[in-house]
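Work through the exercises below with the structure open beside you. Try each task before you read its solution.

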Amino acid sequence: MAEQQQHPNADYDLTTPIPSDAPGLRQGLTSYGDAHFSLFLRKVFIKALGYSEDALSRPIIGIVNTYSSFNPCHANIPQLIEATKRGVQLSGGLAIDFPTISLHESFASPTSMFLRNLMSMDTEEMVRAQPCDAVILIGGCDKTTPAQLMGGISANKPIVHLVTGPMMPGSHRGVRIGACTDCRNNWASFRAGTTDLEDISAINEELAPTAGTCGVMGTASTMACVLVALGMMPIKGATAPAVSSARLRIAEETGKLAVQAAATKLKPQQVLSRESFLNAITVLQAIGGSTNAVVHLMAIIGRHPEVAGTIDLDTFDEIGRRTPLLVDLKPSGENYMTDFHNSGGMLALLHELKPLLHLDAKTVSGKTLGEEIASAPYIPVPRNSPVNCLHPLDSPLYSSSSIVVLKGNLAPGGAVMKASASKYRRLLRHLGKAVVFANSADLAQRIDDPELEVDANSVLVLQNIGPVGNPGMPEAGLIPIPRKLGEQGVQDILRISDGRMSGTAGGTVVLHISPESADPESVLGIVRSGDEIVCDVEKRLLQLNVPDDEIKRRIESRKKESKAISKAAQQHTRGYRGLYMRSVNQANQGADFDFLTASGP
């Protein structure tokens, strides 16, 4: 801090050059051809906000404000900013907030994933452009935190994450319910005719009773836990409810940590290592986390110059084989994030996982992960406590491989499945005949047709919902159970697609097939109704039982009929959609833009 507190008149000394690595207000000056004038003009305008020379001499901590009235997951951000500023200023820094894009799952068309890369670009450029010594990234809803870390790594200034926290559960007829696993379960019951209109209307009022992210182990909660495992957020920062006083104290602590990060100048490319990401994948498997975290982590890894290319989908599977599922939360279990928090949260889980973690990995505090775990006050919750939803390492909820990676002629680049969320375990080894839907519009038109040739042993196949085929790779992979099967009591069926599904969803669902069906060479793109498909999780196999020469003939025929999305169509699509279609890579690479990766296009 001492290097920043100099006499204000020194800024007008034209004989002393302003260093290119100057801290605080003097960094990243606007290009006017005269650095001293740039600084003079910057001070003119910042003083319009009432700042004194004393305030402006301190470390500047940027706070990324992603509040939006369209984003209920972020409704508490104004309070979090106030608490964060308090922490910054108690530690001698100057906190200045600035806005970036805010994304919410239900208020982004066609899907928030379509805008994740755009938010990462916004975050990267605004973090780089603003004169900040460190930046606090406040996010929460599913795509916000990965977008922020992608942008933060690329900008490579000191960053610390703060999430908004999970919402509380609601109640209906004396049973706890919460977004969004229970959204889907109850909607499926309504479609099947077992829940009436009065009940579904009442349930709608209770599924999201407070501000905050979904209160189960969906993508938002998963990414919060992953940020802790990566060392980019305080250990206690993942699970405290959005509406709790604990969440505000975490925000204050984050402000203090950001001032410390400004002093140590620890940048994310220094903090994060391959071992950091291996820890994150271990935690992902142990919490039964969202399959979306796989595509997000691959995109994040792809931004890091030293880690990109050292981790692939096989790494996720290898770690899964030796990592048990320990956290009993929906959709793989029965409980809610409040229960995980009351069970000791991430600190309790990390204590349990210590034999599987790289404890020497760095964190943003400058300590190693092992040192952070050892130094945090820890009062274990008794195993027999009714609130404890955390299983010990030697008595897991699921023995291993909560998330699996499948390969075969249907998915040569890989596909993912959350095996632990399967409702009918027999489907984890299954042979059935395909019922193919060409796209989401075809699905909507035919899924409830009484004449649809489908039974409980069928394999529902949805094409053209991948990164290019339906730009943004929507969460349509959880194909609805055909109504006529739902009315017979069928609650699960094998489903495969090149799209995604919500982290809050459950079922036997194969996702992220690479290459996607929009690719002219894709085998998924030539599957026909009646074809046999084999899914064998134990063998990690996803196979189309069609002779190779017939597959080749269908691919060649499809190319002639131009049913795949052509390069010409991609080249002639305007705006952001065109940029997306031309630049997005496949799901197994993170669905990032090629020009944003560490290696570039």
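## Exercise 1: Helices H4 and H12

H4 and helix H12 (residues 292-303) pack with an angle of about 30 degrees between them, and their axes are 13 Å apart. Axes are lines fitted to C-alpha atoms, for helices over the stretch in contact, and angles run from 0 to 180 degrees between N-to-C directions. Helices (H or I, at least four residues) and strands (E, at least two) are DSSP runs, numbered from the N terminus.

The model is predicted: local features need pLDDT of at least 70, side-chain atom pairs count only at pLDDT 80 or more, and totals for chains, interfaces and linings use all residues. Residues are numbered from 1 along each chain as its sequence is written, and side-chain values use heavy atoms, with hydrogens and water left out.

Task: describe how H4 and H12 are oriented to each other, and list the residues that meet.

Solution. 
- Step 1. Classify the angle. Angles under 35 degrees count as roughly parallel, over 145 as roughly antiparallel, 65 to 115 as roughly perpendicular and the rest as oblique. H4 and H12 are therefore roughly parallel to each other.
- Step 2. H4 and H12 cross in a right-handed way. A crossing is left-handed if the near helix is turned anticlockwise from the far one by less than a right angle, and right-handed if clockwise.
- Step 3. List the contact, meaning heavy atoms within 4.5 Å. From H4 come Met113, Arg116, Ser120 and Glu124; from H12 come Val295, His296, Ala299 and Arg303.
- Step 4. Sort by class. The contact of H4 with H12 has 3 nonpolar, 2 polar and 3 charged residues. Ala, Val, Leu, Ile, Met, Phe, Trp, Tyr, Cys and Pro count as nonpolar, Asp, Glu, Lys and Arg as charged, and the others, Gly among them, as polar.

## Exercise 2: Helices H4 and H5

Task: find the angle at which H4 and H5 pack, and classify it.

Solution. 
- Step 1. Helix H4 (residues 112-129) and helix H5 (residues 144-155) pack at about 40 degrees, with axes 7 Å apart.
- Step 2. H4 and H5 are therefore oblique to each other.
- Step 3. The crossing of H4 past H5 is right-handed.
- Step 4. H4 brings residues including Arg116, Ser120 and Glu124 to this contact, and H5 brings residues including Ala147, Met150 and Gly151.
- Step 5. By class, the contact of H4 with H5 holds 5 nonpolar, 7 polar and 3 charged residues.

## Exercise 3: Helices H6 and H7

Task: state which way H6 runs relative to H7, and which residues make their contact.

Solution. 
- Step 1. H6 and helix H7 (residues 197-206) pack at about 165 degrees, and their axes are 10 Å apart.
- Step 2. H6 is therefore roughly antiparallel to H7.
- Step 3. H6 passes H7 with a left-handed crossing.
- Step 4. Asn186, Trp187 and Phe190 of H6 meet Leu197, Ile200 and Ile203 of H7.
- Step 5. The contact of H6 with H7 has 5 nonpolar residues, 1 polar and no charged ones.

## Exercise 4: Backbone details

Task: locate the cis peptide bonds from Ala179 to Cys180 and between Lys330 and Pro331.

Solution. 
- Step 1. The bond from Ala179 to Cys180 is cis, with omega near 0 degrees. Cys180 is in the loop between strand E6 (175-177) and helix H6 (181-192).
- Step 2. The bond joining Lys330 and Pro331 is also cis, with omega about 10 degrees. Pro331 is in the loop between helix H13 (313-321) and helix H14 (337-342).
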